Amino acid sequence: RQRICHVADTSMKILNTLLVATMSCSLPFSGASYLGGRYGSSSSSSSSKFLLSGSSSGVRSTHMRASSLLSRRKFIRLASVGLVGGGSASPLNAKSRVQAAEQGKEGAAAAIPISLGGPPLPSAPLGHRYGNIAAPVRIDVYLDFTCPFSKKMFLTLHDKLLPYLKEHHPNRVLITEFNQIQPWHPASSLLHEAALSAEKLGGIEAYSKYSMALFQNQAKFMDDALYDKSRKQIYEELAQLAGTVGIDRTSMISLLTVKELDKPYEERKEHNGGNEMTGLLKLYIKQSRKAGLHVSPTVYVNGIEDGGVSSGFTLEQWLEHLKPLLE
């Protein structure tokens, strides 16, 4: 009996250390506001407790002790970068993500595919972030570059809503954009690959500028405009567009070129391996499928789909819609 108690106590200490120090479970949405499912946290009161639902009392008490070691504010910051409760964390860049959270950087820690022994996982929570990553209000927007309705929403967000929030409600709202690939538009995957390569080359600023360029030039990449063009030709046009916003054209082409084309066909190890951005594109597609997402744009507010948002919202309509969250 003493040995069993000793083993149980040691296990609890290990679990406690792991929870506080590093990685936890993987959820569709990162951040303290999304700690539903296995982990739950109420953000409505500073006295709310961190609970592990459906667990034994011993494990629950361990998690409550772990949460007491972190201030509520720091716990939320850690959760927002996937180190507690949300998103898949990676030891490869965990330190940099904590530092980014402490500093409130927007767009920190762009994800890359990594392997932990199983299927590929993101090294950081997916998404392109605008605002303070510790913000209490989180708006997730799923957009497709070939979707006219996504274009309307993106332009309003970037030209009007984001500047307004930055001036009048700093650190209150975090807006995260996700790549929502629509396969019935053949060029959709190619445009998203190009946008992700822009972020790889220049971070969130390059991604934002290139996304704006894609939406502003959307008509050039519609189904009818690309009907008789090859994949290579489309990549060339996308890289040329990148050059207009300060992104190196040659570097983008290198990331978008299908692997092993420099080898004779019979010497290639993989004939369907895609390019350097294919792995990350798959993760975005997997996330959308797991969440049951279909249309674009789709908007989530604090982890719950918001069907009251329209792609045609003006700034005034956005502010009226979000008023209860901004007061």
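## Residue S311

In this predicted model, S311 counts as buried because its relative accessibility is 16%; buried means under 20% relative accessible area, exposed over 50%, and partly exposed in between (1.4 Å probe, protein chains only). S311 is placed in the loop between β9 (304-305) and α10 (315-326). Helices (H or I, at least four residues) and strands (E, at least two) are DSSP runs, numbered from the N terminus.

Leaving aside residues up to four places away in sequence, S311 touches F149, K152, M153 and P297. Contact means heavy atoms within 4.5 Å.

## Residue I112

I112 belongs to the loop between α4 (94-103) and β3 (113-114). With a relative accessibility of 41%, I112 counts as partly exposed.

When residues up to four places away in sequence are not counted, I112 touches L121, P122 and S123. I112 and P122 are 10 residues apart along the chain, and their C-alpha atoms are separated by 5.5 Å.

## Helices α5 and α6

Helix α5 (residues 148-168) packs against helix α6 (residues 188-216) at an angle of about 135°, and their axes are 10 Å apart. This angle makes α5 oblique to α6. Axes are lines fitted to C-alpha atoms, for helices over the stretch in contact, and angles run from 0 to 180 degrees between N-to-C directions. Angles under 35 degrees count as roughly parallel, over 145 as roughly antiparallel, 65 to 115 as roughly perpendicular, and the rest as oblique.

The residues S150, K151, F154, L155, H158 and D159 in α5 meet S208, S211, M212 and F215 in α6. The residues of this contact divide into 4 nonpolar, 4 polar and 2 charged (Ala, Val, Leu, Ile, Met, Phe, Trp, Tyr, Cys and Pro count as nonpolar, Asp, Glu, Lys and Arg as charged, and the others, Gly among them, as polar).

## The protein chain as a whole

The protein chain has 10 helices and 9 strands. Of its 327 residues, 46% count as buried. Among contacts between residues at least 6 apart in sequence, 71% join residues at least 24 apart.

## Basis of the values

Residues are numbered from 1 along each chain as its sequence is written, and side-chain values use heavy atoms, with hydrogens and water left out. As the model is predicted, local features need pLDDT of at least 70 and side-chain atom pairs count only at pLDDT 80 or more, whereas totals for chains, interfaces and linings use all residues.
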